[in-house]
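Hi,

Here is the structure I promised you, with a few notes on what turned up. Have a look at it first, then read on.

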Amino acid sequence: MTRLWYGGDYNPEQWDPDVWKEDVDLMRRAGVNLVTVGVFSWSSLEPAPGQYEFGWLDQVLGLLHDGGVSVDLATPTASPPPWFSRLHPEALPVTADGVRLTHGSRDTYCACAPAYREAARGIAQALAERYHDHPALAMWHVHNEYGTVCHCSLAAEQFRTWLQDRYGSLDRLNEAWTTAFWSQGYADWIDIEPPRKTQYLVNPTQYLDFRRFWSDELLAAYREQKAELRKLSTLPITTNFVFGGWVPVNHARWAAEVDVVAIDHYPDQAGIGAEEQTAFGADLARGWAGGKPWLLMEQAAGSINAGRRLHTKEPGRMARHSLSHIARGSQGALFFQWRASRGGAEMFHSAMVPHAGPDSRMFREIAALGSELPQLVEVAESNVEADVAILWDAECWWAMQGTHLPSSSLDYLAAVRAAHRHFWQAGVTVDFASPDADLSSYRQVVVPSLYLISDEAAANLAAYVHNGGQLVVGYFSGIVDPDLRVRLGGYPGAFTELLGVRVEEFHPLPDDGEVVLSSGGRGRLWSENVHAVTAEVVDRYVGGVLDGKPAITRRQVGAGTASYVSTELDGATAAQLFGLSTSPLEAVRRRSGDTTWTFMFNHGDTEVVVPADGSELVVGELPLRPGGYAVLRSS
């Protein structure tokens with residue numbers, strides 16, 4: 001049955017059984033139809049090695065099933081119980097500084113430890129054997145937010161094995177890592193260690209390979225638990241992707257291993273940036289899912305963690321964020337968590353049922369959204385419309401994090417976010433795609449600071465242009481190959497022939513510096529000494545050492561065009577380049593056959609009148625008040 005999932009993480013082990021009955025009644029009032037159970041319940045399920053206590057979980061699943069609430073049953077392996085750390089201290093993680101951490105929080109494990117992997121498979125097997133045919137079960141949820149790394153001796157052993165599989169020989173590794181620099185040449189595999197804290201700069205390729213290794217190692221750990229569940233169950237199996245600079249997981253590659261891509265998303269800006277981040281996260285998830293439906297597994301109901309303070313979401317904002325995800329392809333909206341905890345490290349994390357209880361603005365808004373979502377079930381199998389793509393590559397991000405760059409202000413994620421922001425502010429929906437993906441369906445592809453790129457991916461982009469595509473390449477792109485070795489002969493390396501330019505020198509700008517362009521536009525952060533070899537000059541630098549030098553170029557290639565932008569354009573200049581106009585109205589379209597659903601959000605301060613001729617209002621209200629939303633159906 002097609003549906004939009006609505007609910008969140010439910011932690012009944014934190015509450016008395018009397019509360020469980022109240023919870024199910026409240027879930028029914030709120031329109032909840034799916035809860036994730038068991039994420040952090042390992043010590044409650046297995047209080048001693050091999051001693052399982054499932055009675056409480058039996059009772060909870062029975063109550064939920066009787067109440068019409070389905071279950072996403074999790075394996076609790078992101079938080080081993082105290083007994084495990086006592087019996088297996090070698091499985092506690094070690095930091096890059098060489099400090100072994102102690103038990104007392106979540107994620108206190110090393111995924112390279114055999115004892116941890118065995119215990120994780122054991123609890124997954126036990127859950128599968130007991131609940132594989134439970135009528136409440138809708139899907140399986142392996143682990144939670146994979147991303148924990150370790151620099152211990154066990155990780156070092158596995159890292160060496162991974163490197164031997166990747167390179168085959170020490171000669172090839174020494175070449176890839178450029179170990180002739182600083183006398184780092186390896187003559188024995190045993191000498192290779194994780195990139196722990198050292199005297200000065202770490203080897204950048206060693207750092208990148210360690211992240212590649214952890215992505216593969218964590219995936220192997222996920223696969224092991226998935227295999228235990230799949231022996232007895234045919235239900236969908238997933239894990240929740242978490243996004244952050246600390247996460248060594250290549251989600252685009254992991255996507256093929258889950259039955260549904262699921263993400264956690266927590267904006268960190270109190271202002272309009274949270275809406276922009278919501279669209280960014282949703283578009284990224286849809287890219288990982290290959291354009292297919294995905295699922296928002298976690299979000300905060302009532303607050304935004306803005307770093308040093310929790311910003312309370314204004315009335316209606318929770319619904320807007322939830323619907324923005326659904327507009328961009330999510331099969332529903334789930335939260336962390338159902339009921340706010342009374343104690344523990346995240347006692348002030350917001351919840352669907354806050355500390356104030358159901359007689360609260362937050363719960364009333366939760367119930368109101370729950371009553372609206374059934375009206376949107378018809379969009380569940382539709383596709384999001386987008387004819388512009390922005391390239392995203394996790395390995396490029398990692399490479400720029402672990403490399404001594406010409407400017408500390410160079411930031412891959414920031415460059416990608418800036419490109420996305422230009423289109424979001426104009427109300428234009430974009431997809432994210434990998435550099436080696438099929439790009440033929442897009443009229444335009446934007447390439448922000450793609451520092452690392454393979455020859456194969458570069459050829460893919462060249463073919464896209466030859467076949468009629470419009471490619472826009474940003475500064476500091478094409479510089480290195482997958483081994484982080486600089487492409488010689490001039491920047492932007494892999495793109496010089498395609499773009500028809502040659503860059504001799506970089507000219508990084510101070511944080512408060514800017515460059516002026518002949519068009520009247522502005523650039524910041526970065527500039528370059530560009531030579532237009534076979535390209536047409538679109539805009540030039542004015543003043544300074546680069547006076548008169550090309551800043552933006554364009555080249556006709558086959559049936560398409562390839563443009564180069566050698567500085568970080570401000571919003572107005574970028575809008576002019578891309579032919580965009582800023583709008584307070586965010587409009588996202590989903591289509592199935594001849595039917596189109598348009599999700600609209602007013603991010604401005606004044607009412608917006610939207611022409612609705614030939615359309616039918618599904619949810620929301622027109623005209624759009626400030627902060628308002630509506631969904632229109634047209635055929």
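The side chains of T77 and Q225 are joined by a polar contact of 2.9 Å. Please keep in mind that this is a predicted model. T77 lies in the loop that runs between β3 (70–74) and α4 (82–87). Is T77 buried or exposed? With a relative accessibility of 0%, T77 falls under the 20% cut-off and therefore counts as buried. Beyond its neighbours within four places in sequence, T77 touches W42, Y109, Y116, A120, I123, H143 and Q225.

Now to the sheet. Nine strands make up an open sheet with parallel pairing, and their order is β5-β4-β3-β2-β1-β11-β8-β7-β6. β5 (237–238) and β6 (240–241) are at the edges and have a single partner strand each, so one side of each has no neighbour in the sheet. β5 runs parallel to β4 (residues 137–141), and two bridges join them. As for W140, its bridge partner in β5 is I237.

There is also a helix pair to look at. The axes of α6 (residues 153–167) and α8 (residues 204–230) come within 10 Å and cross at roughly 100 degrees, so the two helices are roughly perpendicular to each other. On the α6 side the contact is made by A155, Q158, F159, W162, L163, R166 and Y167. α8 contributes T205, Q206, D209, F210, R212, F213, W214, D216 and E217. Sorted by class, this contact has eight nonpolar, three polar and five charged residues.

Best wishes

Technical notes:
Residues are numbered from 1 along each chain as its sequence is written. This is a predicted model: local features need pLDDT of at least 70, side-chain atom pairs count only at pLDDT 80 or more; totals for chains, interfaces and linings use all residues. Side-chain values use heavy atoms; hydrogens and water are left out. Two strands pair if DSSP finds at least two bridges between them. Helices (H or I, at least four residues) and strands (E, at least two) are DSSP runs, numbered from the N terminus. Axes are lines fitted to C-alpha atoms, for helices over the stretch in contact, and angles run from 0 to 180 degrees between N-to-C directions. Angles under 35 degrees count as roughly parallel, over 145 as roughly antiparallel, 65 to 115 as roughly perpendicular and the rest as oblique. Contact means heavy atoms within 4.5 Å. Ala, Val, Leu, Ile, Met, Phe, Trp, Tyr, Cys and Pro count as nonpolar, Asp, Glu, Lys and Arg as charged, and the others, Gly among them, as polar. Buried means under 20% relative accessible area, exposed over 50%, partly exposed in between (1.4 Å probe, protein chains only). A polar contact is a pair of N or O atoms within 3.5 Å; within protein, one must be able to donate a hydrogen and the other to accept it, and residues adjacent in sequence count only if both atoms are side-chain atoms.
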